[in-house]
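Work through the exercises below with the sequence and the model side by side, and try each task before you read its solution.

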Amino acid sequence: MGDQHKYLKKRKKKEVRGDPEEPTKEENEVGKYLRWNCPSKPSTLMGEKVEYFIGSKAIDCLMDSKWASGTGGTEILFTDRVSVEMYLDRLLMLGFFNRVFRHKKVKKTKEEKEKEKAEKEKEKEKENEKGSAKEKDESEGKRSKKRLKKEHSEEGKKDDDTTEERKPKATEGNADGDGKKKRKVKVKLELHEDQIFVDDDDEAYVWRFDPLHPKTLILGILVVIGTIAICLFPLWPSKIREYVWYLSVLASIAVGSILVLALLRYVFFAIVWVLTAGKHHFWLLPNLTEECGFFESFVPLYTHEYKGNKPVEKQTGNETEKDNENIEEREDEEDAKQDKKDESSEEKEQLDKEPWVTLTEEEVATAKSEVDKDLEDLNDPSVSEVKC
């Protein structure tokens, strides 16, 4: 580690001086080997598409190279990981790659997004249902009692049927847990302030060195030779020209037949749709125009959908039980509504009766006697004079 610190001090002095350096042939060879053999991943940096690699993997790649083993009479440049780290630091200084930060963002799956939406909707419903919670508690209590009775009666029947099905279900659950799809992770890159190579799994480096691969060079040469050969077609021997002509006719027939099929499938769909008034949707070769492989475009041969009034199907035992439960729930709701109406009508009747006071016969008799006395007092002149 002491040698590495000395190297970094020398490097900083050179950066301050601004001495321009060019990579040697050996450094270019090491850079090409690393560029073509070290695993890299695509990402974006400042809006540009780039490829980045991990520092520890680059060191592992060079430790397995001929410069570490000395095969083929090459000089041994790398004896340990520290020597590789110092060499890669020099390549970084020469501009082969740059150190960057990685910002990871996990993409949410469709199921997670749907769950979040459902949770938000539930929260809104809870806030709206706070006012009417008391009224619903009574109806829910009745329903829960009926459901508990049904569940207790059906548990004994279902236990015998479910014991045989539990074992395969458990194995399927484990398979699903192991075979879950990995979440996609978005990686955003930003340049690091300290441009130093570090042997770490968390350190990333962006490639700036992009040499021409020999495979691309060979393919380019072959393309040029092919275009020249096509241009010299009149000079070809007569037999070869005949064979080429037959091949071109066969290729044109194949392409034309595919185009005709693509048109006929729409015509056939339209005829069936018109004759059935839009109830039957029949597609011949549905994947013919989809983005898939050549052989996959011919599978399946056809698809059929019925979009009219669905016929009455025979219901299984589970379906009939669900229907009965739904019917009972509806009846319970109707009963609750009727109870509310009856309560409201009774309250109205009580309010109508409240202003009318009920009196006994004795109270009526005393009231009449008091009225008669008042009338007599009014008729007597002596009483009226005293009051005046």
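**Exercise 1: Helix α5 by itself**

Solution. The buried residues of α5, where buried means under 20% relative accessible area, exposed over 50% and partly exposed in between (1.4 Å probe, protein chains only), are S83, V84, E85, Y87, L88, D89, L91 and L92. Helices (H or I, at least four residues) and strands (E, at least two) are DSSP runs, numbered from the N terminus. This is a predicted model, in which local features need pLDDT of at least 70 and side-chain atom pairs count only at pLDDT 80 or more, while totals for chains, interfaces and linings use all residues. Residues are numbered from 1 along each chain as its sequence is written, and side-chain values use heavy atoms, with hydrogens and water left out.

For the length, take 1.5 Å times one less than the number of residues; the 13 residues of α5 should then span 18 Å, and this agrees with its end C-alpha atoms, which are 18 Å apart. After α5 comes G95, whose phi is positive, near 95°.

**Exercise 2: α5 against α3**

Describe how helix α3 (residues 55–63) packs on helix α5 (residues 81–93).

Solution. Begin with the geometry: the two helices pack at an angle of about 110°, with their axes 10 Å apart, where axes are lines fitted to C-alpha atoms, for helices over the stretch in contact, and angles run from 0 to 180 degrees between N-to-C directions. Angles under 35 degrees count as roughly parallel, over 145 as roughly antiparallel, 65 to 115 as roughly perpendicular and the rest as oblique, and α3 and α5 are therefore roughly perpendicular to each other.

Next, list the residues: S56, A58, I59, D60, L62 and M63 of α3 meet R81, V84, E85 and L88 of α5, contact meaning heavy atoms within 4.5 Å. Finally, sort them, counting Ala, Val, Leu, Ile, Met, Phe, Trp, Tyr, Cys and Pro as nonpolar, Asp, Glu, Lys and Arg as charged, and the others, Gly among them, as polar; the contact of α3 with α5 has 6 nonpolar, 1 polar and 3 charged residues.

**Exercise 3: α5 against α2**

Repeat the steps for helix α2 (residues 25–37) and α5.

Solution. Here the angle is about 100° and the axes are 11 Å apart, so α2 and α5 are roughly perpendicular to each other. E26, E27, V30 and L34 of α2 touch Y87, L88, R90 and L91 of α5, and the residues of this contact divide into 5 nonpolar, no polar and 3 charged.

**Exercise 4: Backbone angles in loops**

Where do A277, L285 and P300 lie, and what is to be noted about the backbone there?

Solution. Recall that most residues other than glycine have a negative phi, and most peptide bonds are trans. A277, in the loop between α9 (238–275) and β6, has a positive phi near 60°, and A277 is exposed, with a relative accessible area of 64%. L285, in the loop between β6 and β7, has a positive phi near 50°, yet L285 counts as buried at 7% relative accessibility. P300 is also found in the loop between β6 (280–284) and β7 (302–306), and a cis peptide bond with omega of about -5° joins V299 to P300.
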